[in-house]
Amino acid sequence: MEFAEQVKSSVDIVSVVQEYGPRLRKSGNNYSGLCPFHNEKTPSFSVSATKQFYYCFGCHAKGDVISFVMEIEKVSFYEALKTLAERHGIPIPKRSQYADEDSKLRGAIFQMQEYAQDNFRANLNGPLGEAARSYLAKRGVAPATIEQFGLGYSDRSGRALLRILEQRNFPQAQWEQSGLLRKRDDGTFYDYFRNRLMFPIHNESGKIIGFGGRALAPDDNPKYLNSPETPIYRKSAVVYNLHRAKEAIHKEDRVILVEGYMDAIGVTAAGFRAVVASCGTALTAHQVQVLKRHSQKISVNFDPDAPGANAAERSIGLLLEEGMQIRIVELDGELDPDEYCKERGAGAYQQRLDAAKGYFFWLADRARKNNDMRTPEGKVGALKALLPAVGRISDRLERMAIANEVAGYIAVERGLVLDSFLKAAADRQEKSFAAPRVVLRPDERILLNGLLALPEIRGEVIAALKSTEAAGTFPSRRVFQAIFALDEAGGPFSFEGVIARLDESDRNLLAQVAFTADAAISREEVMAAVRRVSLTDEQNRVAQTRARIRELERAGNLEEALRLMAELPRLSPPARNTGSGDR
Ligand SMILES: [Zn+2]
């Protein structure tokens, strides 16, 4: 085990953790940041530089630098050790005692990918690669870019890799597991990739784990073929180009997501280094989690055609579930990102990035285009189209804030939007609230909902409640106070404004109210609650005064008792306007 100790003492856990995304902030001897192993908004992940140990107060993940790499790369102890040693220039002892059978197989498969890569690159540069070279030239890919991305060509013989693996003495049992060869029914083998332009796919540490191959013959199907799943290549977890892009992603705190290999390459070549692609498959939740470790901000730039837009819409759902901040980059002229960079230049692409809309406006634009917004049915249709996305916003408060924005943007009555959003939210399986649940009185709920959902009576309700004492005794009194304060400050009323004035537990309280309401609230219900609360106020004052009178009588202070008794009728006048307040 002394080699493991040597590795642990020569690498710094703080910098290793940060290489995988989490931004750590120093506090005393420790560092803290967002946990890479569970979904969170406030940091509960701590790393001790002195103890070389990490611990998460949220999900209780813990360990040293080796277990961190094992966990995050999903590799064995030996592989984590090897990765760390290689990356930090620590010589690895020539003993194989660290390798269990599984690690040995994976090691062999890694090795086979390297041999395949050498072959593909040699092919591209040689006489066999002429068609592939002319395709790349036609797409405007510069020789330096071909080199940088390690592009290659798989020949049409179907025997090139077969020969190589044979010559290198890899056991036949491992051939098919490499994803590079396939077995025929008669037991013979042939190359998986034939006559294709080859894109090596790397893991986060920069090792080749598989390939994507683009057909060069027009009638070859599919157009893009990826390595099958192998012990080292799990499609759903791999993001193309991440190992090159991650430094720029950290620096810019933003990732650009494109659809295809050529897009990632073209956009990178234009000077935008924080770009990744989803590897020719639909985006998966696992890929989003990987990206999220590096930045929570994502600019999605898919093809402008209908399938591209549909893919973008599906991706938004996944990205929302992970709490990513999403912008949608739109390119004009029906150009894909690669073509756009080449035809319009880096400056124009930068402008499109800067002009990227928040995803919600993009969705709303799509909904407006697909519905006749002059009719009530069209408006409801547009609203309905937005609801799936809303239901997937993991943050309850953000959902409310968006309800407010959407109403304005698609010009639908606020009450209608809020009502639909509340229903969408109710359909969503709510996770339990972090803070212990405070039990709110029914009137409190009605009043809060009314204040949020019915702007037309907000002023009246606020004025009436301010003059009562009951509002000051509600468990949610600080929420009411925040609403009052916002109202006093003038300016437009916004959900964010209320939120900004609350601490976390009160935010939860407000969310609890806003997202457990099951039906639209009416003006009448709210005004009835105002009257009940005002009544309680009066009853309280009368009860308190009576108690005080009894005390005074017992103490023999009749003079004062009589004075208070004279006040009693004033405390409960027969009819009273709810809003009049004290004189
Ligand atoms: Zn955690």
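View 1. Ala-489 is situated in the loop that joins helix H22 (477-488) to helix H23 (495-500); helices (H or I, at least four residues) and strands (E, at least two) are DSSP runs numbered from the N terminus. Ala-489 counts as exposed because its relative accessibility is 57%, where exposed denotes over 50% relative accessible area, buried under 20% and partly exposed in between (1.4 Å probe, protein chains only). A distance of 60 Å separates the C-alpha atoms of Ala-489 and Gly-89, which are 400 residues apart along the chain. This is a predicted model, in which local features need pLDDT of at least 70 and side-chain atom pairs count only at pLDDT 80 or more, while totals for chains, interfaces and linings use all residues. Residues are numbered from 1 along each chain as its sequence is written, and side-chain values use heavy atoms, with hydrogens and water left out.

View 2. Cys-35 (SG), His-38 (ND1), Cys-56 (SG) and Cys-59 (SG) lie 2.1 to 2.3 Å from the zinc ion as its protein donors. Donors are N, O and S atoms within 2.8 Å of the metal (3.2 Å for Na, K and Ca); water is not among the atoms, so sites may look incomplete. The site is tetrahedral, with angles of 103 to 117° among the four donor atoms; four donors count as tetrahedral if all angles lie between 85 and 135 degrees. Along the chain, the donors follow the spacing C-x2-H-x17-C-x2-C. Cys-35, in the loop between strand E2 (30-33) and strand E3 (45-48), and Cys-59, in the loop between strand E4 (53-56) and strand E5 (62-63), are 24 residues apart and link distant parts of the chain. Cys-35 is buried, at 7% relative accessible area, whereas Cys-59 is partly exposed, at 31% relative accessibility.

View 3. In helix H1 (residues 2-10), the buried residues are Phe-3, Ala-4 and Val-7. These residues are on the same side of H1 because they cover an arc of only 100° around the axis, the arc being that of the directions from the helix axis to the C-beta atoms. Glu-2 and Ser-9 are exposed on the other side of H1. The cover over the buried residues includes helix H3 (65-73) and helix H4 (77-87), with contact meaning heavy atoms within 4.5 Å.

Definitions and conventions
Tetrahedral: all angles 85-135°; square planar, octahedral: opposite > 155°, others 65-115°.
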